[in-house]
Amino acid sequence: MALAFDEYGRPFIILREQESKSRLRGLDAQKANIAAGVAVSRILRTSLGPKGMDKMLQSPDGDITITNDGATILEQMDVDNQIGKLMVELSRSQDYEIGDGTTGVVVMAGALLEQAEKLLERGIHPIRIAEGFEISSRIIVDHLEKIAHKFDFSDTNIEPLVQTCMTTLSSKIVNRCKRSLAEIAVKSVMAVADLERKDVNLDLIKVEGKVGGKLEDTELIYGIIVDKDMSHPQMPKQISDAKIAILTCPFEPPKPKTKHKVDIDTVEKFQTLRKQEQKYFDDMVQKCKDVGATLVICQWGFDDEANHLLMNRNLPAVRWVGGVELELIAIATGGRIVPRFQELTPEKLGKAGLVREKAFGTTKDRMLYIEHCANSKAVTIFIRGGNKMMIEETKRSIHDALCVARNLIRNNSVVYGGGAAEISCSIAVEAAADKYPGVEQYAIRAFADALDSVPMALAENSGLQPIETLSAVKAQQIKENNHCCGIDCNDTGTNDMREQNVFETLIGKQQQILLATQVVKMILKIDDVISPSEY
């Protein structure tokens, strides 16, 4: 017990209860760690698959997020337990590397931990369990390569890419528009892709959203969208073959850097000052006209006089454009950002095939579309929706679809979804277990059982009898030697995922298995939990 004082000098007593705390070691520590990992996994289990449920998350400042994206759920959850944080990192790694499968990887890790706990209770050493899991993951990666199916695609034939993106979107809130959104995602990726190098720069795809309209109004724009309008209502709303001056200097007379004072005591002096000011504006506008600019985009504002003069000289202008947007416009149009009017030259102008202002609904909201840009493949996906939450969730769904399309351009191999790949791997791992004479074979069989948890979760979330459904599909795979049989979540009447067009990327599925195994091995090897006060 100790006496301490707060910032106002008030005394309070600190009771040291460290002596009464028991430190976790050995099997107890491992079971506690497994329990923490499984608890996080069970939260996401109900969100798996096309019929998975959504989670509503409330931030400390009251903001609401509704999503079933595994990475987003875990990112916004306030997880204190260190093992729980490992599961959050696991989901984040899958999101960064692949972009899809963030829920499945956590469910897989949770199932492996549950199986590991049963083996620990039977007295098997955690290191032997970890080795068995490692052997299993290698068997699965090789088996996935064997059952993978390659498809050919081109600029004219994007249907295989669209089908795979539709599988990703089928588990999201936006699944009623999955066809149109998948086409938008694939077209945007193909527009910026370098097919020779098999590389996609997702930074060139900008995803914007505006509340209003409906999800079906979401569109792909081959160019840039700026949330601004023309500075004067009488300026032209559409400019073809625009030559754009991109300025970071304001349309106003220069201000002295020293302190100054101007005394005006006659009308003549005031008129002289006004003429001088007007001459500054005239020179600025004339410099823009002389270099051939037909549109001015300025980072700063300008007063009514400059605005009026620009309108009279038939030079449309946009003001208060942010620095990031300005850079994106410069990259897309091939222009240069000009800090001073004296440096403005025809070579520094950006070029765009069409610049138009578009109004939305009955509101006065307007946005500027800069399309058919000269120097870049930059595209924008413009999302509409009934509320902000819907737009944010659509952005997350589109991100997943973009990542899947990018992965397919890098490696065009797919496996069949609906739990078909997991069931096939489970059968292969079960068969391989007999070849290993040591204790590891128990861990290998346990891994096969863990693989069944994904199709079981899909069946459960779809309102089917999980054990009965899984047994029937597994028997069908073995009987017909057909790796395409999976869980019929959408109740279409067939278990063949090839007929249902349910695909997943090969690299995404392999990454799921490898990451989940890695994290489980790490958790199993922790046999002592030391708090900071024990150092």
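Glu-216 is partly exposed, at 43% relative accessibility; buried means under 20% relative accessible area, exposed over 50%, and partly exposed in between, with a 1.4 Å probe and protein chains only. This is a predicted model, where local features need pLDDT of at least 70 and side-chain atom pairs count only at pLDDT 80 or more, while totals for chains, interfaces and linings use all residues. Residues are numbered from 1 along each chain as its sequence is written, and side-chain values use heavy atoms, leaving out hydrogens and water.

Glu-216 forms a salt bridge with Arg-176, the closest N and O atoms being 2.7 Å apart. A salt bridge here is a side-chain nitrogen of Lys or Arg within 4 Å of a carboxyl oxygen of Asp or Glu. The pair links distant parts of the chain, 40 residues apart: Arg-176 lies in the loop between H6 and H7, and Glu-216 in the loop between E8 and E9. Helices (H or I, at least four residues) and strands (E, at least two) are DSSP runs, numbered from the N terminus. Arg-176 is exposed, with a relative accessible area of 55%.

Asp-400 and Lys-172 meet through their side chains in a salt bridge of 2.9 Å, N to O. They are 228 residues apart, with Asp-400 in helix H11 and Lys-172 in the loop between helix H6 (159-169) and helix H7 (178-192). Asp-400 is buried at 2% relative accessible area, and Lys-172 is buried at 8%.

In total, the structure holds 34 salt bridges.
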